[in-house]
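I want to look up a few residues and contacts here and jot down what turns up.

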Amino acid sequence: MPSPHIDLFSVFDQAFAGRAWHGTPLWGTLRGLDAAAALRRPAPGRHNIWELVLHCAYWKFVVRQRVTGDAALTFPRAGTNFPELPAAADDAEWKRDRMLLKREHELLREAIAGCTPAMLRRRVGNKRFNAAETVVGIASHDLYHAGQIQLIRRLVG
């Protein structure tokens, strides 16, 4: 029987940056976007792409906290769920926040790699799902927001 890590990594990596039959993964949806484009809103009161990037980074952090059981971990930005945009929302900050998303993905991947099969079966968070199911969930989360970002890109030009 193949290692559960291989299957988790396939799903996890494909949703974020891998080649996939379903279309563009989350990281690919950000290709070619500058700060100005990432800040455009599809409608008043709706999230922009930059906010979604921070949201995805934050939830990768939360899943890492759950998988490792390390409540002492801290997210490097203020706010939860939808962390605040930087005061100087320019191309340098946009690059920094894209790299934050990528780094949170890598840190979560390292955490998954450090899990034993028993750890992956352990109930986490609200105890409704085990660690492996939570990892599949964050991959689904990436795909959901990848689709949302593609739609926003089309709506705002």
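For the contact lists below, I take contact to mean heavy atoms within 4.5 Å. I also keep in mind that this is a predicted model.

**Entry: Glu104**

I started with Glu104, which is found in helix 5. Is Glu104 buried or exposed? Its relative accessible area is 3%, so I noted Glu104 as buried, the cut-off being under 20%. Next I asked which residues Glu104 is in contact with, leaving aside its neighbours within four places in sequence. My list reads Ala57, Lys60, Phe61, Arg64, Phe75 and Pro76.

**Entry: aromatic pairs**

Phe61 and Phe75 came up in that list, and that sent me to the rings. I find 6 aromatic pairs in the structure. I looked up the one between Trp50 and Trp94: the ring centres are 5.2 Å apart and the planes sit at 55°, so I logged the pair as tilted. Trp50 belongs to helix 4 (residues 49-68) and Trp94 to helix 5 (residues 91-113), so this pair links distant parts of the chain, 44 residues apart.

Then I took Tyr58 and Phe75. Their pair is edge-to-face, with 5.4 Å centre to centre and 85° between the planes. Tyr58 lies in helix 4, while Phe75 is in the loop between helix 4 and helix 5, so the pair ties together parts 17 residues apart in sequence. I have Tyr58 as buried at 12% relative accessible area, and Phe75 as buried at 11%. I also noted one aromatic cluster formed by Tyr58, Trp59, Phe61 and Phe75.

One charge over a ring went into the notes as well: the charged end of Arg109 sits over the ring of Phe9, 3.9 Å from its centre.

**Entry: helix 4 against helix 7**

I wanted numbers for this packing, since two packed helices are described by the angle between their axes and the distance between the axes. For helix 4 and helix 7 (residues 131-156), the axes come within 10 Å and cross at roughly 180°. That makes helix 4 roughly antiparallel to helix 7. On the helix 4 side, the contact residues include Ile49, Leu52, His55, Cys56 and Trp59; helix 7 brings in, among them, Ala131, Thr134, Val135, Ile138 and His141. How do the residues of this contact divide into nonpolar, polar and charged, I asked, and what are the counts? I wrote down 11 nonpolar, 5 polar and 3 charged.

Val124 is found in strand 1 (residues 123-124), and I have Val124 as buried, with a relative accessible area of 3%. Its C-alpha is 9.0 Å from that of Val63, though Val124 and Val63 are 61 residues apart along the chain. Leaving aside neighbours within four places in sequence, Val124 is in contact with Arg66, Phe129, Asn130, Ala131 and Thr134.

Arg122 sits in the loop between helix 6 (117-121) and strand 1. At 30% relative accessibility, I put Arg122 down as partly exposed. Beyond its neighbours within four places in sequence, Arg122 is in contact with Arg66, Val67, Thr68, Gly69, Phe129, Asn130 and Ala131.

Notes: Residues numbered from 1 in each chain as written. Predicted model: local features only at pLDDT ≥ 70, side-chain atom pairs only at ≥ 80, totals over all residues. Heavy atoms only, no water. Phe/Tyr/Trp six-rings, centres within 6.5 Å; stacked < 30°, edge-to-face > 60°. Helix = DSSP H or I, 4+ residues; strand = E, 2+ residues; numbered from the N terminus. Buried < 20%, exposed > 50% of the residue type's maximum accessible area, 1.4 Å probe, protein only. Lys NZ or Arg CZ within 6 Å of the ring centre and 35° of its normal. Axes fitted to C-alpha atoms, helices over the stretch in contact; angles between N-to-C directions. Parallel < 35°, antiparallel > 145°, perpendicular 65-115°, else oblique. Nonpolar A, V, L, I, M, F, W, Y, C, P; charged D, E, K, R; others polar.
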